[in-house]
Amino acid sequence: MSATSQTIRSNKRLALAEALTTISTLTTLDLQNNHIRDNGAQALAEALKTNSTLATLSLGRNSIGDIGGQALAEALKTNSTLTILNLWDNLIGDDGAQALAETLKTNSILTILNLWDNSIGDNGGLALAEALKTNSSLTTLDLQNNQIRNNGAQALAEALKTNSTLATLKLDFNSIGCNGALALSETLKANSSLTTLDLQNNQIGDNGGQALAEALKTNSTLTTLHLQMNSIGDNGGLALAEALKANSTLVTLNLEYNSIWIKGLLAFSEAFKTNSTLTTLSVEENKIEDKIALVLFESLKSNSTLTTLNLGCKSIEDNGFKALSEALKTNSSLIKLDLQSNSIDDDGAQMLAETLMANSTLITLYLQNNSIKSNGAEVLAKALKTNSTLTTLDLQNNSIGDIGAQELSETLKTNTTVTTLDLWRNSIGTIGGQALAGALKTNTTLTNLYLQNNSIGDTGALALSAALETNFVLINLDLWGNSIGDNGALALAKALKTNSTLITSGLQKNSIGDNGAQALFEALETNSTLATLDLWHNVIRNSRDVALSEAFRSNLSDQIV
């Protein structure tokens, strides 16, 4: 049961809590983004003491303070079914965290506890760490965006020396410095349960990076390590790359937004030659100079394990981009490549197109926030006529225009592999919208089409609606911010009466009024597949309440925003 963003208050939250004492089938309750506050949390806590079915309770962003946190903690001492408790973005503080920690010492059911952004400081961190020494059920602890600092990190590290069940620990945005990283590194040498450690956006620096690298040489369980935004320089990067030569378990390493340059990146090119387990490497915003790129990407030609490479945010220059394109022509393992925000123009798109015609493994290509225009879209479209592996092409926030949309549409008429096409903010107008609609009439594989923030207008919406009457493949169609009015909405409503595959339709920030809304809601009375219809920020007034209630009576599966 989900009541997300429905603004549940006072008497309603009390009634809901009362219902939990009698309902014998509900296993999941999602109340995120409401205003239940401490009183609501107390009422729910009281119900949890006797409820014997609820397994997941999500109360994120509900202005719950320490009193509500303490009440929920008390309930968990006797509750025997709740396995997931989500309290992100509340205000339980150290007092609430200490109460939950005390409960964790005896509770043997809870497996996932999310306390992200709860104003928890050293004392709360110390209490939770103490609880982990005896708790044997918790597998995931999320403490992102708190202030546990070095003291909390050191205490958690000490606890993990004996704890044998925690698999995921998230400590990003916690002002953890070198000392905290050193303590966690020592623990990783002995701990045999932790598989994911998230330390992004702390202050561990080169010394912390070097300490973690030393731990990776002997650790045999950690598979995912996030170290984004940690002021790690060449020395830390060099140490981590060296560790990869000996480590045989790490699968994902994220080093985005650090300052790793020459020595560190060259070391990674050497590590690629021998490491046989790393599949995902993110070095976004670590500037790769041309001379380094030539060596780094040369190693990709023979590497057979890396499947995901993130090089976004001006990571590579012109010659480096050429080297990467050449490497991908022979690389046989990379399936996901992120090149967002790299100032790639039509010439760069030409190189990528040539790569796609030779490459037979790449599945996902992210090119958002570049400078690709219609000519670039044209050569990419031609490449997709022969490429038979790419399933996702993300071109959001470029400038392909109507001509680019027409070129891609022609390809979509015969392409049988692309399932997701993102053309958000690409200066596509009516003509481009009509061209894409024409492609949808014959395309048999595209399931997701994102056209947010273009200008297809009512005419484009009419064309797409006509396509939806015969297309039985598309699942998600996002038309956010496209100057669509009532005429476009009426056409979409007509299509929804016969279409049986569309699950999500995004119509936010258009100009749909009462007539368009009325038609859409009436269509929902017969449509049985649409699960999400988003009409936020339109000009709907008088008809909404009556029509919406009628639609809900006929179709209870829709979520209308």
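Mentor: Before we start, partly exposed means a relative accessible area between the buried limit of under 20% and the exposed limit of over 50%. Keep in mind that this is a predicted model.

Trainee: Okay, is Glu469 buried, partly exposed or exposed?

Mentor: Buried needs under 20% and exposed needs over 50%. Glu469 has a relative accessible area of 29%, so the label is partly exposed.

Trainee: Which residue does Glu469 form a salt bridge with?

Mentor: Side chains of opposite charge can pair when their charged atoms come close. For Glu469, the closest N and O atoms of the pair are 2.9 Å apart, and the partner is Lys494.

Trainee: And how many residues apart are those two?

Mentor: Glu469 sits in the loop between helix H17 (457–468) and strand S17 (476–478). Lys494 belongs to helix H18 (residues 486–496). So the pair links distant parts of the chain, and the separation is 25 residues.

Trainee: What about Glu186, which residue is its salt-bridge partner?

Mentor: Glu186 is partly exposed at 45% relative accessibility. The closest N and O atoms are 3.0 Å apart, and the partner is Lys189.

Trainee: How many salt bridges turn up in the whole structure?

Mentor: Another one joins Lys413 and Glu410, with closest N and O atoms 2.9 Å apart. Searching the whole structure gives a total of 15.

Trainee: Switching to helix H10, which elements cover its buried residues?

Mentor: The buried residues of H10 include Leu265, Phe268 and Phe272. Among the elements covering them are helix H9, strand S9, strand S10 and helix H11.

Definitions and conventions
Residues are numbered from 1 along each chain as its sequence is written. This is a predicted model: local features need pLDDT of at least 70, side-chain atom pairs count only at pLDDT 80 or more; totals for chains, interfaces and linings use all residues. Side-chain values use heavy atoms; hydrogens and water are left out. Buried means under 20% relative accessible area, exposed over 50%, partly exposed in between (1.4 Å probe, protein chains only). Helices (H or I, at least four residues) and strands (E, at least two) are DSSP runs, numbered from the N terminus. Contact means heavy atoms within 4.5 Å. A salt bridge is a side-chain nitrogen of Lys or Arg within 4 Å of a carboxyl oxygen of Asp or Glu.
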